[in-house]
Amino acid sequence: MAEDCDGSPDTLVTPPNSLATESTYLSRGFNSHELNFKIEQLALHDDEGGDYHMGHRAGKTKQRYDIFLSFAQEDREFAEEVKVRLQTKKKLKVFVPSEDVMPGEVFSEQVADMIKQGCRKTVIILSPSYLVSPWCSFESHLALHHSPDSKEHILIPVLYQKCCIPSFLSHICYADYPRYSQDPSKCEQYFWEKFYKACQHTV
């Protein structure tokens with residue numbers, strides 16, 4: 001059974017509805033404090049109804065991807081499987097920062113723009129490695145900031161390896177891969193098929 005990071009047990013639930021390296025992210029010169037500051041800046045712009053987002057004009061980035069894929073470098077093999085399945089089986093367009101950020105763009109700003117308005121949904125792959133990554137924290141907090149009251153953008157957590165569920169995600173149902181991973185038939189039916197539906201679902 002998964003646990004919240006405060007130690008309280010979390011009920012197991014069925015799913016609701018060449019990749020980046022962490023060292024590449026961190027080499028860009030940001031630490032966790034600076035990333036949190038960027039998130040706060042973004043929230044301030046939104047709350048005040050500002051016309052700019054992280055230095056870009058609001059509306060500059062139009063939705064052109066279905067899924068923003070957020071994962072830790074250590075989980076890149078599973079992330080690649082998720083990406084390929086969504087692309088080949090469901091014909092969804094998946095944004096992977098290390099592959100799709102345009103040359104010349106400020107990395108953190110491009111990622112923020114894509115999470116906010118360039119992708120319909122954000123899939124985060126939870127694991128012990130994800131929880132200690134500053135960049136993964138940046139992406140998940142940013143996605144959450146734009147998810148609760150928005151009908152156009154939904155955050156989909158995927159539990160890939162058993163770990164404590166962050167308290168800020170405890171109210172969101174997650175897709176539980178470890179629960180079915182030992183049985184290929186059940187995994188296909190109860191994990192992957194429901195995961196596909198969550199990624200394809202529109203309000």
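Biologist: What makes strand β3 (residues 65-70) and β5 a pair that run parallel?

Modeller: Two strands pair if DSSP finds at least two bridges between them, and five bridges join β3 to β5, with Tyr65 standing opposite Cys119 in β5. Strands here are DSSP runs of E with at least two residues, and helices are runs of H or I with at least four, numbered from the N terminus. This is a predicted model, in which local features need pLDDT of at least 70 and side-chain atom pairs count only at pLDDT 80 or more, while totals for chains, interfaces and linings use all residues. Residues are numbered from 1 along each chain as its sequence is written, and side-chain values use heavy atoms, with hydrogens and water left out.

Biologist: Why is Val123 called buried?

Modeller: Buried means under 20% relative accessible area (exposed is over 50%, partly exposed in between, with a 1.4 Å probe and protein chains only); Val123, in strand β5, has 0% and therefore counts as buried.

Biologist: Why is helix α3 described as roughly perpendicular to α9?

Modeller: Helix α3 (residues 76-89) and helix α9 (residues 184-200) pack at an angle of about 65°, with their axes 11 Å apart. Axes are lines fitted to C-alpha atoms, for helices over the stretch in contact (heavy atoms within 4.5 Å), and angles run from 0 to 180 degrees between N-to-C directions. Angles of 65 to 115 degrees count as roughly perpendicular, under 35 as roughly parallel, over 145 as roughly antiparallel and the rest as oblique, so α3 is roughly perpendicular to α9.
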